[in-house]
Structure formats: C-alpha cells, structure tokens
Amino acid sequence: MTLTLPTPDSPLKIGTRGSPLALAQAYETRDRLIGVLNLPENAFDIVVIHTTGDDRQMISADRPLKEIGNKGLFTKEIEEAMLRGDIDIAVHSSKDMPTEQPVGLVFQTFLPREDVRDAFVSPKYKTLTDLPEGAIVGTSSLRRRAQLKRVRPDLTCIEFRGNVQTRLKKLGDGVADCTFLAMAGLSRLGMEDKASSAIEPDEMLPAVAQGAIGIECRADDERALGLLATIHHEKTAIRVLCERAFLRALDGSCETPIAALSEIKGTQIHLRGEILKTDGSAALQTEGVAPLEQAEALGRDLGEALLKEAGDNFFDHK
C-alpha cells in the first residue's frame, strides 16, 4: 500500500467528541502521527462532533444511561460524518464502542494500552474499604455499581454522569462521598493526583477494553488505513479483540454488567471475565488461556459458555 501523506492543503480530518478527555485522546493520536511521519500540525484537523449522547447527558444528567439508549448514542453522529466523508478517522475510548460497526467502517487500530484499573476518588477516604456503612457512591456504570453492591450491599449508589471534570465538581460539592473513574483517563488528562487510590483488577475487574484508545475509519479509505498502520499497537489490538469477542458473545451493552481483562504472556493470552446481576446479588466468573492467534476464539468461547451457564433470567433486561 502506497502511503499518501496528509498536507495542509489536504489534511487528515480527525473526528472526536468534545469532552476534555476525548480531545486529549484525539490530540494524542494526532501527535503520534506527527512524530512517526514527521509532519506539521496543520496537516491535521481536529473536528469536534456533538453526539446525541452528549446532548442527552446535559438534559438528563440524573437518568441512568440505559433509560436513554445504548452505547451508539456516543458514536452515531461521528460515524455518520465519517461515512459522508466529513471526517477521515474517529478516535474513541474502546470501552465505549458497540461491538458491531456500521457497514463500511472498521475499528481495528489501537494505541498502546494504558492503566486498565479503576480509580477510587474521594475527598474524604483513601480506599474503598475505608467507606463507612451507608456511604453514598456516585457512578453511572452498571458494572461498577453491581461490583460494589456485590461486596458492599450497605452502600448507596446514585447516578453520576458527565465528563471527568463534571463528576469531580459534583464530588467537591458533596453530592457523593466517592466516585470511580478510569485511571487511564485521569492519566491522559494529567490528573493522576485526583485518584485517592487505584483498585487492582483482582478487586474490581475493569470494563472491556478499558484504557485502550481505538481509531475507526472507512474500510475503503486507503490513505487513512496506511497512516493508521504506522501507529498501530498489535498487542493492544489482540487484547481488545479477545475482550470484545467475549462481550459480543454475551450480547453486551450499557444495560449489562460485564467485566473482562486479557493479558499477554509470551505466546499466549489469558482472559478473565465476569457477569453480574445489576443489583450485585449474583456473579459468575470465567477464565481461560489460548495461543495469541486464537484470541478472538477464546473470548467468544468463554462468553458463550458463561452465557449458557447464566441461563435466560440472569440479566435483568432479558
């Protein structure tokens, strides 16, 4: 494939949501391309696209996301813009991406994965175990809520949506005693100091593909595909492929508390997965190992086996 470089007269248009974290991820992608290809900044355009999910967050910040719609709320307008040719690539948090892409688009480029852990954030307490009985936890994540209820049914969970800065402001205003954020997101914003502590995966298994920036483009866009190949991180791609196959097999969505984490050890990949009832009253775990070339099959097989074990009535929305 011949590499066609962008120029100031024909820049690569990078689509993104407008939150500070989304912009940080878009600029990281641009800066990696600049570094690898030795190009000027004006060979790239950052294009902010407002999504339905962003608008509905502002209008209904106290409503659970599952009552508004699915993960596609945060990608639909961006993907439509890409299919129209308004943008060339789109930068996403991989954990927020639906498991299926619209016809004509591919989601197959990933930057090196950062810290996968959840951050415990509180102005009062250092760790999760320090929380007193009845403490108020602000979180919009069904996964985190279910995992917390599983180990601490005494805690009170309230809806806590918005970008990182919004949630930190709510915490500072005393709306909740603590919240949870992704360590990777805090790192990308230069706000690692906001984490009271990091929660190890053995205590709280993270969301599928947490910590991985993924980049989407048109399947027939040879220029974009060639440029993205220069910054693609294959080990991250293998891990994300495995975890998303697990999620897809479980028909995962924002309505489903699902967690998974894969790790590469030599020529093998190890996957741990978990599904929970939304109230934390039950949880099922699985794990397995396979050669790297079978990463997708491992995720799919473990997901299908766990779905069979769970039965028809495990997930509240089924």
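How closely do the axes of helix H9 and helix H10 come, and at what angle do they cross? They come within 7 Å and cross at roughly 25°.

## Basis of the model

This is a predicted model, in which local features need pLDDT of at least 70, side-chain atom pairs count only at pLDDT 80 or more, and totals for chains, interfaces and linings use all residues. Residues are numbered from 1 along each chain as its sequence is written, and side-chain values use heavy atoms, with hydrogens and water left out.

## The H9 and H10 pair

Helix H9 spans residues 234-249 and helix H10 spans residues 295-310. Helices (H or I, at least four residues) and strands (E, at least two) are DSSP runs, numbered from the N terminus. Axes are lines fitted to C-alpha atoms, for helices over the stretch in contact, and angles run from 0 to 180 degrees between N-to-C directions. H9 and H10 are therefore roughly parallel to each other (angles under 35 degrees count as roughly parallel). Their crossing is right-handed, a term used if the near helix is turned clockwise from the far one by less than a right angle.

Contact means heavy atoms within 4.5 Å. On the H9 side, the contact residues are Ile238, Leu241, Cys242, Ala245, Phe246, Arg248 and Ala249. H10 contributes Ala295, Glu296, Leu298, Gly299, Arg300, Leu302, Gly303, Glu304, Leu306 and Leu307. The contact residues divide into 11 nonpolar, two polar and four charged. Here Ala, Val, Leu, Ile, Met, Phe, Trp, Tyr, Cys and Pro count as nonpolar, Asp, Glu, Lys and Arg as charged, and the others, Gly among them, as polar.

## Cysteines

How many disulfides does a search of the whole structure find? It finds zero. A disulfide is counted as a pair of cysteine sulfur atoms within 2.5 Å. The sulfur of Cys157 is 8.2 Å from the closest cysteine sulfur, in Cys178, too far for a bond.

Cys157 is buried, at 14% relative accessible area. Buried means under 20% relative accessible area, exposed over 50%, and partly exposed in between (1.4 Å probe, protein chains only). Cys217 is buried too, at 2%.

## Positive phi

Most residues other than glycine have a negative phi. Asn38 is not a glycine, yet has a positive phi of about 55°. Asn38 sits in the loop between helix H1 (20-37) and strand E2 (44-48). Is Asn38 buried or exposed? At 70% relative accessibility, Asn38 is exposed.

Ala209 also has a positive phi, near 65°. Its loop runs between strand E9 (197-199) and strand E10 (213-218). Ala209 is buried, at 0% relative accessible area.

## Buried sites in strands and a loop

Glu216 lies in strand E10. Its relative accessibility is 0%, so Glu216 counts as buried. Leaving aside neighbours within four places in sequence, Glu216 contacts a set of residues including Glu79, Met82, Asp88, His92, Gln101 and Phe107. Glu216 and Glu79 are 137 residues apart in sequence, with C-alpha atoms 8.5 Å apart.

Phe74 is in the loop between helix H3 (65-68) and helix H4 (76-84). Phe74 is buried, at 11% relative accessibility. The C-alpha atoms of Phe74 and His92 are separated by 9.5 Å, across 18 residues of chain.

His270 is in strand E12 (residues 268-276). With a relative accessible area of 14%, His270 is buried. Beyond neighbours within four places in sequence, His270 contacts Leu261, Ser262, Glu263, Glu287, Gly288 and Val289. His270 and Ser197 are 73 residues apart in sequence and 26 Å apart, C-alpha to C-alpha.

Conventions:
Parallel < 35°, antiparallel > 145°, perpendicular 65-115°, else oblique.
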